[in-house]
Amino acid sequence: MIPNDLTSSGLSGAKPASLERAELLAATLLSERGEASGALVARQLHDALGALDASDRHRFRRYLATEFQPDKAALRAAAERYLAEGTAEAAAVLAQAADPPRQELLRRMNMAPGGTGALIAMRSEISSCLRDEPELKLLDADLKHLFASWFNCGFLELRRIDWQSPAAVLEKLIAYEAVHAIKGWDDLRRRLLPDRRCFAFFHPALPGEPLIFVEVALVEGLATAMPPLLSQDTDEAAAGARAARADTAIFYSISNCQDGLRGVSFGNFLIKQVVEELHAEFPQLKRFSTLSPVPGFRRWLAQQLAEESNPDAGLLPKLARDGWWHDPEQSEPLRASLMRLSAAYLTRRPSPGNRIDPVAHFHLGNGARLERINWLGNTELPAIQESFGIMVNYLYDHDSIENNHEAFVRDGAIVRSPDVDALMQGPA
């Protein structure tokens, strides 16, 4: 049970051990009613937590997860009332009784300066423990629930990042890029030239900290491979001329920057807002597409080919050869089979036992169309290891986004182009 007779005056005198002090402050924070004193105690609590070592911080998180539960008697009474009455008022009372006190404690912890960042860090720290300590899932779920409200798209600010942006923000781009590593300042400068754009979402509670960012290339036609997009050409005049001729915007990297915000979706809002920004700046753009990895393909294919009865099982030893992707004599005989199998992988309907590729799920769920599958679109070793170098274009067509989204969410239907359907049929 939560002590309800503690006040900030109970913190005077001899200090308890550091962990005990943090627990006492947490209980005191929940008992406070004044906003001013609540902010003070919240700051003291974060200071106390900052002084703990990793082991005691973990014990404190377990304390949060296990001690601040709904009152069982009140919850039972509210549930019985709702079952008896079935009224909206009874439902509201039940919802209030079911709301764990832990959520209110977390809200009050957020009142301290830097509280939001501290709570994001807390959720990031517990992520590796959720499998072995399922009780922490309660704390994780409460944090995710609160973050979904606090990081509602209405609170987010879209900013373009360019070479004139603060150095601290540029450094974070290099650190957080999760799809195509930025190899130093020269590489970053290339990605910010006139035929490139970078946009990020920021939140007032985390000034200077991007939440998610997207990198865009302005090109002619549908880009099918990464090397041209990541070239080291730094001629600004030539880049400006390419931007003026561009008819297509390629989203080639989307990186989440805060692990503690995993599962809080704002990537779809980012893409849609960036499309609006780009269309306003470059009215000649006709297509908005991604060039995306297929991170689950190799793992899925290995499971399929492990069955001796699979007619494609003979691919396994050939795919195990080192450097086959650099040798056309070895790679071309594999092309038709891998393209057909990748099309089969990407067009599977989602089901409880049949999870689709996470990147595909993101874009298809946002209403994109599976437009094109590209052979050896990225031959960097990480791309070979996850998808044999195959990359995908997901096309965002303004006139069909909503219908595509509804079809995917309602029926699991994956809208795709005739070219993808042709791959599934194999060679004529």
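Reader: In which strand does L370 lie?

Author: L370 belongs to strand 6 (residues 369-374), strands being DSSP runs of E with at least two residues and helices runs of H or I with at least four, numbered from the N terminus. This is a predicted model, where local features need pLDDT of at least 70, side-chain atom pairs count only at pLDDT 80 or more, and totals for chains, interfaces and linings use all residues. Residues are numbered from 1 along each chain as its sequence is written, and side-chain values use heavy atoms, leaving out hydrogens and water.

Reader: Is L370 buried or exposed?

Author: L370 counts as buried because its relative accessibility is 0%; buried means under 20% relative accessible area, exposed over 50%, partly exposed in between (1.4 Å probe, protein chains only).

Reader: Which residues of helix 7 are buried?

Author: In general, an α-helix has 3.6 residues a turn, so residues three or four places apart point the same way. In helix 7 (residues 115-126), the buried residues are G115, T116, L119, I120, M122, R123 and I126. They lie on the same side of helix 7 because they cover an arc of only 155° around the axis, taken from the directions from the helix axis to the C-beta atoms.

Reader: At what angle do the axes of helix 6 and helix 8 cross?

Author: Two packed helices are described by the angle between their axes and the distance between the axes. Here the axes of helix 6 (residues 101-109) and helix 8 (residues 136-150) cross at roughly 55° and come within 10 Å. Axes are lines fitted to C-alpha atoms, for helices over the stretch in contact (heavy atoms within 4.5 Å), and angles run from 0 to 180 degrees between N-to-C directions.

Key:
Expected span 1.5 Å × (residues − 1).
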